[in-house]
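Please look over the sequence and the structure shown below. The paragraphs that follow start from a single residue and then turn to the interface.

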Amino acid sequence: MSTSVALHASSLERHETASTREPAWVKAALITVALTFFAVFLLLPLGTVFAEGLRKGWGAYLAALINRDAWDAIKLTLITAAIAVPFNLVFGVAAAWLIAKFEFPGKRLLITFIDLPFSVSPVISGLIFVLLFGAQGWFGPWLQAHDIRIIFAVPGIVLATIFVTFPFVARELIPLMEAQGSEEEEAAVVLGASGWQVFWYATLPKIKWGLLYGVILCNARAMGEFGAVSVVSGHIRGQTNTMPLYVEILYNEYNYAAAFAVASLLALLAIVTLALKTLVEKQTRRQLQEITEKSGE
Amino acid sequence: MASLRRFSPLPGFGLAMGYTLVYLALIVIIPLTAVGTKTLTMGWDAFWAAVSSPRVVASYQLSFGASLLAAAINVVFGLIFAWVLVRYHFPGRGLIDSLVDLPFALPTAVAGIALATIYSENGPIGKVLEPRGIEIAYTPNGVLLALVFIGLPFVVRTVQPVLADLEKEVEEAAAGLGASGWQTFCRIILPHIAPALLTGFAMAFARAVGEYGSVIFIAGNMPMVSEITPLLIITKLEQYDYAGATAVASVMLIFSFLLLLIINGLQGWMQNRHAKGS
Amino acid sequence: MKLKRFLAGLLAGALVAGSAGAADISILNVSYDPTRELYQDFNAAFAKHWKAKAGDNVTINQSHGGSGKQARGVIEGLQADVVTLALAYDIDAIADAGLLPADWQKRLPHNSSPYTSTIVFLVRKGNPKGIKDWNDLVKPGVSIITPNPKTSGGARWNYLAAWAYALEQPGGSEAKAREFVGQVYRNVKILDSGARGSTTTFVERGIGDVLIAWENEAYLSLKEVGADKLEIVTPSLSILAEPPVAVVDKVVDKRGTRKLAQAYLEYLYSSDGQELAAKNFYRPTDAQIAAKYSKQFVKTRLVTVDKVFGGWRNAQKVHFSDGGVFDQIYVPGGKR
């Protein structure tokens, strides 16, 4: 939710002028604090993951990644993200269209509800699906009678993942579309375009970078979710273990090097996510700037 | 439904509204009501007993206390980060700007095992601190550390754009009036970024209270000492105490919802100020 | 439209889940934490045995976790054909949910426990704190690692063993046992939620002077990190830990896997199964195999839960339920 705010700024840098410059020692001190904090708090954990993964050499590292259990975990993680992300993508676009383009009572409340999964503890996100679909839950007896399994099977993992990544795309798009306004869409309607044409030709090109940005964040969380998935998984090797759960299992099996090897794959994913994000952020900013310039004319 | 909205020539209100509400109901509202109804079945006395036993209260104290403290620490360091990133040019600035979001992107379980490795007695930092009597891993300090880690980007990313937008002229005017740098900061900059700081604080706090993955690996999970509320929910589940788990969960849920209302209110306030200012 | 797509998604997911390993027979063994290594070996041996005997390819899926959590999973619908858990109470809970009959423990020999274990101490090399028996644990300055008895099956055995020791001392009484066990827990530095978590804390993180652990877990640690770093101390009195196994009737009847599941558990009692148990540091119940491995297991006085505590249901109710004895004697934070 915070990242969406960043999109409002036309430029995130400003240059100091003589009259507003702090004394040199203040500047040096602040930069030192930031760099130290950065090194200890962010770089060190990241480095540790790779260092521990490679502690037993490249052979052991690769062996940890190339085996059936690891592969099954990777596959399940990919399947989960491949289902959860598109669902939330479509929802995000619909919700952003609704909130950015129309005025209606209860809008703020709706936004709060959309945000809710952000601040619900992952543990509770898992618990609710146990309460619904567990054998003792609301739909439990019916599901059992029809031999449909949700909890402790892939559908439960997918559902929990959809829940925790629910707001990501919507939250990126809403501020972006609000900032962009609706002139182009309204012009298109006047020219006789259909609803889908308006969206496809007037809106989508304007929001594509913001959309991508949301998808990237959504995907990172979908692949990395631990708490919620842990509650609904059942931890069956090769069947219901996602990568983060597999990391925990290896960690509990004295297989520290292997645990960190799999963790390093996830860390790599995080790095790629951040790199893509930085790229996309630049594009979004450029797009916003163009809009501000245009509206300024 | 059309009567609900102010006139707009754009199509798709009905479809978007219908879809949003149905999806929201299916994925978020209905599952969350399961917590509510399960809680209602237990009756007030049982509910109160479940959510107010000493061990549960101790876990609230830890979860909320450590989260508050972590969010406060993040306000300080987040502000420094945002300040440095916005105002200074130095080698590595771009890298820091990208990697500040690492705690968003790194799976919490990975963060947890990495932090536990670094700060335990035989890890690179724990080794240095332990002989000096500072224990981090497996104490409430570990909880705090993990929560600071996951909350950092929230403050940085809310303050950064506001700081960047801050009109230079305002500051220059202050300098022209003869205010010192520190006075300018306290009287002009700080009030301006206060809503953003507060929003970042609230977000970091909300996230920290519910955090599970990164904390359990480093907390030591001692009842009454280093046991966070989400872990307690899991513990209760494992003792087949569904009602108890759900009761505690409902307390956390209500809290999350209230906090979110506050955050959204703050953001509305920020946007209004922003609109007026420019 | 939305709903249809949503259901389609669920269905697709269900199909993915259902189709895994459909080509051959598979069963799911839901077990507790420290049995990972045992069942890794045993499953391979059983698959070979079953192939030779019945000609089918059998895949045994494994799930490990804290015993209570695993039992909850099965109650919630985790499709376990067999459960191999840390203590009878957890299988009782599954029986209470109606998934298997209440007298399940009578269906297999030795209280349905093909192997047993006991509770021992793991200490640092050279035993720097001089820990020989339970009463050394309450000395000031000894820092103990044991999991939380509320969540860990192994931890409950630890707790009951300490209790039984105090009870059996000259002049022992319920009150003295209560006092003693309270003292033990005041020296506990970290209370992990599972047995494996405690072992990791003690062995890998190097925290604490003594780990109260399953005998098999202690030997396994010795094997993993080397006998040059750790030592095992067997106390003068400990508890006979019987981790039971059972076929989950409701599941096997639905899946048509009863024969296989039954054979799987019975194979645990065969000489092959017993050998594997012994090799993984579980005490075999088969007299012959036990004799063969007698050197591996230190002889000590072992008491049973049934005799000292009147069975697991009773022990659970008195000691580990909410507000039970453990809750009363556990002093927040311990003494540092």
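In which helix of chain A is Val169(A) found? In this predicted model, Val169(A) belongs to helix α9, which spans residues 168-180 of chain A. Val169(A) counts as buried because its relative accessibility is 0%, and the cut-off for buried is under 20%. Leaving aside residues up to four places away in sequence, Val169(A) touches Asn88(A), Leu89(A), Gly92(A), Leu211(A), Gly214(A), Val215(A) and Cys218(A). One of these, Val215(A), lies 46 residues from Val169(A) in sequence, while the C-alpha atoms of the two are 6.0 Å apart in space.

Next comes the interface between the chains. The size of an interface is often given as the accessible area lost when the parts come together. For chain A and chain B the buried area is about 9500 Å², with carbon and sulfur atoms giving 77% of it. Chain A contributes 101 residues to the contact and chain B contributes 106 residues. The rule finds one salt bridge across this interface. Asp101(B) forms a salt bridge with Lys277(A), and their closest N and O atoms are 2.3 Å apart.

On the α2(A) side the contact is made by Phe37(A), Phe41(A), Leu42(A) and Pro45(A), and on the α8(B) side by Leu145(B), Val148(B), Phe149(B) and Leu152(B). The residues of this contact comprise eight nonpolar, no polar and no charged.

Note on methods. Residues are numbered from 1 along each chain as its sequence is written. Chains are lettered from A and ligands numbered from 1 in the order in which they are written. This is a predicted model: local features need pLDDT of at least 70, side-chain atom pairs count only at pLDDT 80 or more; totals for chains, interfaces and linings use all residues. Side-chain values use heavy atoms; hydrogens and water are left out. Contact means heavy atoms within 4.5 Å. Helices (H or I, at least four residues) and strands (E, at least two) are DSSP runs, numbered from the N terminus. Ala, Val, Leu, Ile, Met, Phe, Trp, Tyr, Cys and Pro count as nonpolar, Asp, Glu, Lys and Arg as charged, and the others, Gly among them, as polar. Buried means under 20% relative accessible area, exposed over 50%, partly exposed in between (1.4 Å probe, protein chains only). Buried area is the accessible area (1.4 Å probe) that two parts lose on being put together, summed over both. A salt bridge is a side-chain nitrogen of Lys or Arg within 4 Å of a carboxyl oxygen of Asp or Glu.
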